[in-house]
Amino acid sequence: MPYDEILQIETLVRPREEDFQKHFMDQERPVKIAGALGHWPAMQKWSLDYFQENFGDETIGVECFEPGQRGPGNNSPQGYVKHLRFQEMKLGELIQILRNKPELMYYMASHPFRKTFPGLRKDLLVHPYVKRHIEHIPGAHMDSYLWIGPKGSHTPMHIDPMPNFLTQVMGRKKVYLFPPEQARKNLYIGEFERVSYSPVDLENPDFDKYPNFRYCTPYEAIIEPGESLHIPRNWGHCVISMDVSISVSTFFISYPQLLKLVPEFFGEVVKRAYEGWRWKNMDNERAGLNPPPPPRSGKAS
């Protein structure tokens, strides 16, 4: 890592809701919350075996990378876009790959709950720090999404227009975060074919091409099972799986934030709706919300 300093995200154990609201939600600051989700049935029930036995025949969309296409020192955003193949398979097939072929980077990423996995939602109670906030707006990248993937998966640096709680159920994830002012100036967000992604390779930055990146000071958090990381809107972040993992991301927004962000929000909705229509060969909600790049000739889609 090319940084002189890496700051640690503050960890709070079961903070009061009003304290989270005042000091983190309203101020758009990240925080890791521990000890607050042990009562969720998911924390006791979810495992690869559980998903294999109960949902193994469910059809899912999977980000697929072959051996050598992703891994330590080989996780540039350019490589992500170049090698990404998005295909449908049974969840049971993915679980067998995670168990028996760790060299493959096959990742069920950002999978929506609303249309699949009947009955699974009951394992997730309302997130205690999302109460009284807006959890779902039609057409927006909100609500809760499920992630099941291998050790070593690496989501490139990007920003989201809505705040998010990233919750670990199984395994650990490491997250690097960059405040909005750094994202705008030093991550070159908007200068890449995926407009919300940074073109900078976190592990091997090209300082000749992206000189401002040398001025970044990231925050770091490792999320353990049962912990949630609050990622504020427009904070740059990169997520790395340290183990085979199961995660849930919950997007939400407060009513005061929504009123302030109406023009930006609806512009984002229109953009995502257009991109989902343009990438119309994939009948998948995730593709409509966060479409992969257009397929290249000779590649499966």
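The following legends describe close-up views of a predicted model.

**View 1. The open sheet of five strands.** In this view, 5 strands form an open sheet in the order E1-E11-E10-E13-E8, and their pairing is mixed. Strand E1 (7–8) and strand E8 (154–158) stand at the edges. Each of these two has a single partner strand, so one side of each is left without a neighbour in the sheet. Within the sheet, strand E10 (residues 173–178) and strand E13 (residues 236–241) run antiparallel and are joined by 6 bridges.

View 2. Tyrosine 176 has cysteine 238 of E13 as its bridge partner. Cysteine 238 is buried, with a relative accessible area of 0%. Cysteine 216 is likewise buried, with a relative accessible area of 4%. The disulfide count for the model is 0, the cut-off being a pair of cysteine sulfur atoms within 2.5 Å.

**View 3. Alanine 221 in strand E11.** Alanine 221 belongs to strand E11 (residues 219–223). Its relative accessibility is 4%, so alanine 221 counts as buried, the limit for this class being under 20%. When residues up to four places away in sequence are not counted, alanine 221 touches Ile9, Lys173, Lys174, Val175 and Leu229. The C-alpha atoms of alanine 221 and glutamine 8 are 6.3 Å apart in space, although 213 residues separate the two in sequence. In the sheet order, E11 stands between E1 and E10.

**View 4. The buried residues of helix H5 and what covers them.** Helix H5 (residues 91–100) has as its buried residues Leu91, Gly92, Leu94, Ile95, Ile97 and Leu98. An α-helix has 3.6 residues a turn, so residues three or four places apart point the same way. The cover over the buried residues of H5 includes one helix, H3 (48–55). It also includes the strands E4 (59–65), E5 (85–90), E6 (105–112) and E7 (143–149).

**View 5. The salt bridge between arginine 85 and glutamate 66.** Side chains of opposite charge can pair when their charged atoms come close. Here arginine 85 forms a salt bridge with glutamate 66, the closest N and O atoms being 2.6 Å apart. The pair links distant parts of the chain, 19 residues apart: arginine 85 lies in strand E5, and glutamate 66 in the loop between E4 and helix H4 (77–83). Arginine 85 counts as buried at 16% relative accessibility, whereas glutamate 66 is partly exposed, with a relative accessible area of 28%. The count for the model comes to 8 salt bridges.

View 6. Arginine 16 forms a salt bridge with glutamate 18, with the closest N and O atoms 3.5 Å apart. Arginine 16 also forms a salt bridge with aspartate 19, for which the closest N and O atoms are 3.0 Å apart. Through these shared partners, Arg16, Glu18 and Asp19 are joined into one network. Glutamate 18 counts as partly exposed at 46% relative accessibility. Aspartate 19 counts as partly exposed at 25% relative accessibility.

**View 7. Glutamate 63 and tyrosine 80.** Glutamate 63 is situated in strand E4. At 6% relative accessibility, this glutamate 63 counts as buried. Its side chain makes a polar contact with the side chain of tyrosine 80, at 2.8 Å. Strand E4 is also among the elements that cover the buried residues of H5.

**View 8. Two loop residues with a positive phi.** Most residues other than glycine have a negative phi. Glutamate 28, which is not a glycine, has a positive phi of about 55°. Glutamate 28 is placed in the loop between helix H1 (17–25) and strand E3 (31–34), and it is partly exposed, with a relative accessible area of 24%. Tyrosine 188, also not a glycine, has a positive phi of about 60°. Tyrosine 188 is placed in the loop between helix H6 (180–186) and E11, and it is buried, with a relative accessible area of 11%.

Methods:
Residues are numbered from 1 along each chain as its sequence is written. This is a predicted model: local features need pLDDT of at least 70, side-chain atom pairs count only at pLDDT 80 or more; totals for chains, interfaces and linings use all residues. Side-chain values use heavy atoms; hydrogens and water are left out. Buried means under 20% relative accessible area, exposed over 50%, partly exposed in between (1.4 Å probe, protein chains only). Helices (H or I, at least four residues) and strands (E, at least two) are DSSP runs, numbered from the N terminus. Contact means heavy atoms within 4.5 Å. A salt bridge is a side-chain nitrogen of Lys or Arg within 4 Å of a carboxyl oxygen of Asp or Glu. A polar contact is a pair of N or O atoms within 3.5 Å; within protein, one must be able to donate a hydrogen and the other to accept it, and residues adjacent in sequence count only if both atoms are side-chain atoms. Two strands pair if DSSP finds at least two bridges between them.
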